[in-house]
Amino acid sequence: MKEMLLKKGRVKELCLKACEEWQTYVPIEETGGDVQFLRINGKEKNSALNKLNLDYGSLVISPKAIGFPQLESLFQFQGDKITDTVHAPSKKLLFGLRACDVKGILFLDDFFKRDFQDIYYLNRSRDRLLVIVGCKHPPRDCFCTSAKTGPFLPVHYDKGAGAESDFDLQMVDVGDVYLVEVGSVKGEEFVNNHKKFFDEASEEIIAESKKAKRAAEEAISVKVDFEKAIKNFCDDNIPSEIYEKIAERCIYCGGCLYVCPTCSCFNVLDEKSADSGRRWRNWDACVFEGYTREASGHNPRLKKWVRTSRRYEHKLKYDFLATGVSGCVGCGRCLSSCPVNIGIVQVIEEAAKI
Amino acid sequence: MKNEYIPYPAIIESIRDESFDTKTFKVVFEDKGLAASFNYKPGQFVQLSLLGIGEAPISITSSPCNQGFLEFTIRAAGKLTRAIHELKPADKIHVRGPYGNPFPFEEVKGKDLYFVAGGIGLPPLRSIINEVFNKREEFGKIKVLYGAKTPDELCFKEELKRWQDITDTEILLTVDKPDESWKGNVGVVTMLWDKTDITSSNGVAYVCGPPIMIRFVIERLTRTGFRDENIYISLERYMKCGIGKCGHCNIGATFVCIDGPVFSYNQLKGMPEKEIAMAI
């Protein structure tokens, strides 16, 4: 399918229309300037859409929370009777994602499907339409051009050959309009079902969009030798001093892992009052001291620097060895959220120097 | 798609005291179909739940050759296991599984088997020990080397006596702190090397116990000539899901829950030293 064109002035209307069929998530700017990816199907969708911001820097919490909420009920019980609380699959439109976050979502899709399938995640993620709006003003801390995760993803859609892109639609900001690239059968269907919002793009706009993509790439100032760093991690060339140095400053708050688009560790806890209750799971972080502490008190990762090495090696070595893809998508959230100014990008820089 | 997080109700049939802080629970699934179809192998574990209190990985100490029930030997160590110790026969408990990789069984037929356990490390090995005894003639010499802190803390006291009488089988016990009635060996489990003949030529060793004990036993086995691939260790790690998702039991690229809990020493050596140093 050819590139299409969507006028900026019609985006809100398109989102409202989509709400009729899809659970629709969009980036909403909150008081104070934080942008959150929120569902807008409620009564307040009109006023919510007045705060739509597609030119945001970075979502505070990555959109992983849609498939893997921070707190999720596994089941409820009444006496001995268990009722599972698996989310019923529903059509979800994720409109206005960044390319790096889409890479994060695909990473988690693969993880939750591997070995034992996680029905909670997979039900929440089924029937999902991923719409990228590529970065125009990338945030200071990100490095997607080095991680090869953005600011735009390649278009591979070839219906006849069965080839699809990592996204369903990808939008490029070109002045008053978005150029819309179609990445999948589902993306094409969406455009066809909402024909009145889309026009065919002129050659001139397509040329403009290419310029816009290049400008976005050039706007990303942080450059690291990602491949060399990964190689050094995989070859066990990282001296423990790097971790020890970080351990001196890190306060082990776990914030970087909560905001990370590919972190998927969770804790499980029960809640009960009288005869009924629930079993929950909630995000956990491998840097916490209690994360590996056994009931006997024995803790195989008691030392701080060992927890630090786990945190970075999981992303830059073990994920890569297991899947061929690094667990870091270069979004820079770990650095932006860190109270003591440590980010994975500095570790990658150090590792690339070896 | 199966919901792996949902546990199934089971009834506690009987409870046996093993020591001052350890009990063995015999349980039967409430659902007769599930009780009949629940297939496991020695070395595997389940996730055991008390609704409203929590869930933990517990190794299965019964053997598949005794069908229709499961046994779990549990030390009261944390919140959940203390609550389990409060249970009475006919009470309900929830079970899901079985999970993890078992001990090698078919592969070691004809071999001499050495089971080396410390304290609460015998329950996971008991499953394969009884499975082996069920087909006694298919294996070579069998030696169980078992150490505990005190005589009271030796699990399966009656069974240990019965095992003594099985053909070509030797049961060697030791304790760290003897009481007045103890007439046996005193010292750590590796002192039993001086009390019997341990030969590596046709031997396979199964090890389970506290980390420090595992470390010394592996060192001793290696010195005795056991090859790395003939030493099997069952590892303990904090776990939440048992199915390779929660991340807690990771060692390097390995999930103890789905890639273990049984590992050969060969596999253990391939894990990052800084993470394994404190785990064994």
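Author: Start with a definition. A helix axis here is a line fitted to C-alpha atoms over the stretch in contact, and angles run from 0 to 180 degrees between N-to-C directions. Keep in mind that this is a predicted model.

Now the pair. Helix α9 of chain A covers residues 226–234, and helix α14 of chain A covers residues 344–353. Their axes come within 8 Å. They cross at roughly 75°. Angles of 65 to 115 degrees count as roughly perpendicular. Therefore α9(A) and α14(A) are roughly perpendicular to each other.

Which residues make the contact? From α9(A) come Phe226(A), Lys228(A), Ala229(A), Asn232(A) and Phe233(A). From α14(A) come Ile348(A), Ala351(A) and Ala352(A). By class, six of the contact residues are nonpolar, one is polar and one is charged.

Next, the contact between the chains. Chain A gives 38 residues and chain B gives 33. On the chain A side, β4 (71–78), β5 (81–84), α5 (119–125), β11 (266–273) and α12 (304–323) each supply at least two residues. The largest share comes from α12(A), with six residues. The side of chain A that touches chain B has 20 nonpolar, eight polar and 10 charged residues.

Now cross to chain B. It is divided into domain 1 (8–99) and domain 2 (106–234). Their centres, taken over C-alpha atoms, are 24 Å apart. In the contact between them, 15 residues of domain 1 of chain B meet 14 residues of domain 2 of chain B. On the domain 1 side, β1 (8–19) and β5 (70–75) of chain B each supply at least two residues. That side has five nonpolar, eight polar and two charged residues.

Finish with a hairpin in chain B. Strand β3 (residues 45–50) of chain B pairs with β4(B) in the antiparallel sense, over six bridges. Leu50(B) has Gly54(B) of β4(B) as its bridge partner. Three residues lie between the strands of the hairpin, and Gly52(B) takes a positive phi near 95°. Is β4(B), residues 54–59, largely enclosed or largely open? Five of its six residues are buried, so β4(B) is largely enclosed by the rest of the structure. A residue counts as buried if 20 or more other C-beta atoms lie within 10 Å of its own.

Notes:
Residues numbered from 1 in each chain as written. Chains lettered and ligands numbered in written order. Predicted model: local features only at pLDDT ≥ 70, side-chain atom pairs only at ≥ 80, totals over all residues. Helix = DSSP H or I, 4+ residues; strand = E, 2+ residues; numbered from the N terminus. Parallel < 35°, antiparallel > 145°, perpendicular 65-115°, else oblique. Contact = placed C-beta atoms within 7 Å. Nonpolar A, V, L, I, M, F, W, Y, C, P; charged D, E, K, R; others polar. Buried ≥ 20, exposed ≤ 12 C-beta atoms within 10 Å, placed from the backbone. Pairing = 2+ DSSP bridges. Domains from an automatic or database assignment.
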